[in-house]
Amino acid sequence: MSPGEKLDPLPDTFILQPPVFHPVVPYVTTIFGGLRAGKMVVLQGAVPLNARRFQVDFQCGCSLHPRPDIAIHFNPRFHTTKPHVICNTLRGGRWQAEARWPHLALQKGASFLILFLFGNEEMKVSVNGQHFLHYRYQLPLSRVDTLGIYGDILVTAVGFLNISPFAEGGSEYPVGHEVPCSRALPQGLWPGQVIIVRALVLPEPKDFTLSLLDEAAHVPVTLRASFADRTLAWVSRWGRKKLILAPFLFYPQRFFEVLLLCQEGELKLALSGQGVGATSLGQQALERLRELRISGSVQLYCVHY
């Protein structure tokens with residue numbers, strides 16, 4: 001992006017709330033746009049060796065007095081003889097009937113990846129890739145606008161996904177897929193079309209590339225992230241590199257999202273919710289594209305277009 005260049009804002013429905021890294025607990029934040037079916041919250045961190053309990057609350061507001069309603073209270077407890085998880089709802093200052101799950105999938109001193117997936121009638125939770133529980137809503141999901149994290153927990157990252165990464169009608173948790181990966185673009189790209197890629201960076205990454213191929217198998221443009229020199233660039237079919245002057249938002253063992261929005265002959269790029277630039281190809285070149293290829297040091301969780 002050249003100095004002084006202004007980009008039109010991306011549509012709100014496509015923007016991913018920027019992830020938060022190493023927040024100090026207790027941590028309270030607004031959920032952009034609130035919660036709705038299909039949204040997912042990702043929590044990465046570790047349980048301290050001396051942990052007694054922690055909680056993740058999906059709240060209806062953030063006031064201290066009066067205390068806000070809590071639509072979903074997720075509360076692992078380690079200090080009892082049989083560690084377990086409690087889920088509950090706080091409505092009008094009163095806790096409702098609690099639900100309890102034994103055989104806690106979290107361990108003291110161990111790291112974790114928790115996915116909170118919000119459906120039409122219930123929330124599903126997976127821990128380290130395995131389904132753990134589901135909890136039926138007792139308050140409307142649309143009232144939730146705040147995330148609160150409290151207690152004995154070390155949080156390395158909190159991520160927010162705005163568009164469901166699952167196939168329509170699907171109900172399973174995402175599973176990481178190895179790369180390289182190829183997807184057909186039978187109709188090319190047209191104004192308003194969006195490509196979304198969500199992935200997890202591997203522990204010792206080298207690079208990440210997203211290439212678009214045309215009918216003749218030429219590669220008019222490639223988006224390349226290099227971890228060696230921490231640069232992000234557009235690469236033309238002739239190998240010419242145009243650096244993207246934006247913060248390098250790829251980190252080992254963390255999720256990221258790449259969003260490409262096609263608009264009148266150009267591709268606008270957003271990384272993890274932040275618009276970072278655009279590249280012009282011409283509308284005819286975009287319409288001739290036939291394949292999307294992804295490679296590099298990542299595990300894929302979603303390719304949506």
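The legends below describe close-up views of nonpolar cores and aromatic pairs in a predicted model.

**View 1. The largest nonpolar core and its most connected members.** This core comprises 40 residues, of which Leu43, Phe58, Phe74, Phe116, Phe118, Met123 and Leu133 touch the most other members. Apart from it lies another core, made up of 35 residues and including Val221, Leu223, Cys262 and Leu289. In soluble globular proteins, nonpolar side chains tend to be buried together.

**View 2. The surroundings of Phe116.** When neighbours within four places in sequence are left aside, the residues in contact with Phe116 are Lys39, Met40, Val41, Leu43, Val56, Phe58, Phe74, Met123, Lys124 and Val125.

**View 3. The aromatic pair of Phe74 and Phe116.** Among the 12 aromatic pairs found in a search of the whole structure, the one formed by Phe74 and Phe116 is edge-to-face, with 5.3 Å from centre to centre and 90° between the planes. The pair links distant parts of the chain, since Phe74 belongs to strand 5 (residues 69–77) and Phe116 to strand 9 (residues 111–118), 42 residues apart. Both Phe74 and Phe116 are buried.

**View 4. The aromatic pair of Phe250 and Phe256.** The ring centres of Phe250 and Phe256 lie 4.8 Å apart and their planes meet at 70°, and because planes over 60 degrees apart count as edge-to-face, this pair is classed as edge-to-face. Phe250 has a relative accessible area of 2% and is therefore buried, while Phe256, with a relative accessible area of 5%, is buried as well. Phe250 and Phe256 belong to one aromatic cluster together with Phe208, Phe227 and Phe248.

How values were computed:
Residues numbered from 1 in each chain as written. Predicted model: local features only at pLDDT ≥ 70, side-chain atom pairs only at ≥ 80, totals over all residues. Heavy atoms only, no water. Core = buried A, V, L, I, M, F, W, Y, C linked by side-chain atoms within 4.5 Å. Buried < 20%, exposed > 50% of the residue type's maximum accessible area, 1.4 Å probe, protein only. Contact = heavy atoms within 4.5 Å. Phe/Tyr/Trp six-rings, centres within 6.5 Å; stacked < 30°, edge-to-face > 60°. Helix = DSSP H or I, 4+ residues; strand = E, 2+ residues; numbered from the N terminus.
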